[in-house]
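Keep the viewer open while you read.

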Amino acid sequence: MKNRCWIKHRARVSPAIALVPAMAIMVSLTVSPIAYGQFVTIEAPPTEAKDAAVDGLATLKAIVKNDDPHAMQLGFVSAAEVMGLTPANNLGLPLPVYWVRLDKLAQFCLPGAPCPTAPQRAKAVIRLLEPFREFIYPISVGIFPRSSLTVVRPDPQDHHTWLTTEWGSERLIKKMMKLRKGECLVVSILGLNRHFLAGMPAGAGDCGPQQIRGDLLTLRALEDDAILHIAEGDTINAWQAFSLMRTLADTVNKMNAPY
């Protein structure tokens, strides 16, 4: 279950509220303007996004109050568990979310315009990824993921305003934390209800400061996928996955599905 509202958070002159030290080195991915669009570049997360997450945790407490059923709907054991949450102890490392639009996926490496070389595949993958403007923060109690909150930057031209927009998605975040093996971002296919953990293939690097080439990006399935012929937890190259989903995306897009 999700709760939605909007909390506006702008850049401040005063120091940001401190989070768990590990969070300070968490990285996010943005489309790189160099190397002819073949890479995504790992960068530090903006302070405003972390501040918005801290405010979002406080708002979660205000939403739940002493309502045990509401707390359980959002993934927690009780309202008391929610009231005991703190940014330092319970907000996890955020995962940046990239969206893929159906209309763009439907045109991905069409037979008349194939992508036979690695640089072409890299560019095609990067072009699909909508510019990064969203983080999902796990909320855990001890070692157990309970729920999540989502912060977004709604205005592409405003790099300083981040909003907390969702609480909950407990099933999705628990699945992510269970299956994650070093992936550093999430890729979601709008209109197809598909979400993947994404990162480098085994042995090709990690989420430290670096660039990730589009043709090496790997997706990890969060559930069995008949279109991709993979089971929950399995991985597939992003270029191959997008190629397999192209026809489905085209069909759904023509049915005027939202994206």
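## Charged pairs around Glu 232

A salt bridge here means a side-chain nitrogen of Lys or Arg within 4 Å of a carboxyl oxygen of Asp or Glu. Keep in mind that this is a predicted model. Glu 232 and Lys 175 meet that rule, with their side chains 3.3 Å apart, N to O. Glu 232 sits in the loop between β11 (218-221) and β12 (235-237), while Lys 175 belongs to helix α7 (residues 170-179), so this pair ties together parts that are 57 residues apart in sequence. Glu 232 is partly exposed at 32% relative accessibility, whereas Lys 175 counts as buried at 17%.

Glu 232 also forms a salt bridge with Lys 178, and there the closest N and O atoms are 3.9 Å apart. That distance still passes because the cut-off is 4 Å. Lys 178 lies in helix α7 and Glu 232 in the loop between β11 and β12, so here the parts tied together are 54 residues apart in sequence. Lys 178 is exposed, with 60% relative accessibility. Through shared partners, Lys 175, Lys 178 and Glu 232 end up in one salt-bridge network.

What does Asp 225 pair with? Its side chain meets that of Arg 194 in a salt bridge, at 2.8 Å from N to O. Arg 194 lies in strand β9 (residues 194-199) and Asp 225 in the loop between β11 and β12, so the pair links parts 31 residues apart in sequence.

Are these two partners buried or exposed? Arg 194 is buried, with a relative accessible area of 17%, and Asp 225 is buried at 7% relative accessibility. A search of the whole structure turns up nine salt bridges.

## The chain as a whole

Stepping back, the protein chain has eight helices and 12 strands. It runs to 259 residues, and 50% of them count as buried. If you take contacts between residues at least 6 apart in sequence, 64% join residues at least 24 apart.

The accessible surface comes to about 12,200 Å². Carbon and sulfur atoms account for 57% of that surface.

## Nonpolar cores

Which residues touch the most other members of the largest nonpolar core? They are Leu 60, Leu 105, Ile 189 and Phe 242, in a core of 57 residues. Helix α1 (residues 47-64) supplies the largest share of this core, with seven residues. Leaving out residues up to four places away in sequence, Leu 60 touches Leu 74, Phe 76, Val 82, Leu 85, Ile 139 and Trp 167.

There is also a second, separate core of nine residues, and its members include Leu 95, Ile 136, Leu 179 and Leu 222. In soluble globular proteins, nonpolar side chains tend to be buried together.

## Disulfide and rings

The chain has one disulfide by the rule used here. Cys 109 and Cys 115 form this bond, with their sulfur atoms 1.9 Å apart. The torsion about the S-S bond is about -100°, so the disulfide is left-handed. Both Cys 109 and Cys 115 are buried.

Ring pairing gives a count of three aromatic pairs. One of them joins Phe 135 and Tyr 137, at 6.0 Å centre to centre and with 65° between the planes, making the pair edge-to-face. Phe 135 is buried, with a relative accessible area of 0%, and Tyr 137 is buried at 0% too. Ring pairs also bring in Trp 162, giving a cluster of Phe 135, Tyr 137 and Trp 162.

## A loop proline

Last stop: Pro 154, in the loop between β6 (144-152) and β7 (162-168). Pro 154 is partly exposed, with 40% relative accessibility. Setting aside neighbours within four places in sequence, Pro 154 is in contact with Arg 133, Thr 161 and Leu 163.

How far apart are Pro 154 and Glu 134 in sequence and in space? They are 20 residues apart in sequence and 8.6 Å apart in space, C-alpha to C-alpha.

Terms used. Residues numbered from 1 in each chain as written. Predicted model: local features only at pLDDT ≥ 70, side-chain atom pairs only at ≥ 80, totals over all residues. Heavy atoms only, no water. Helix = DSSP H or I, 4+ residues; strand = E, 2+ residues; numbered from the N terminus. Buried < 20%, exposed > 50% of the residue type's maximum accessible area, 1.4 Å probe, protein only. Contact = heavy atoms within 4.5 Å. Areas by Shrake-Rupley, 256 points an atom, 1.4 Å probe, with all protein chains shown as cover. Core = buried A, V, L, I, M, F, W, Y, C linked by side-chain atoms within 4.5 Å. Disulfide = S-S within 2.5 Å. Phe/Tyr/Trp six-rings, centres within 6.5 Å; stacked < 30°, edge-to-face > 60°.
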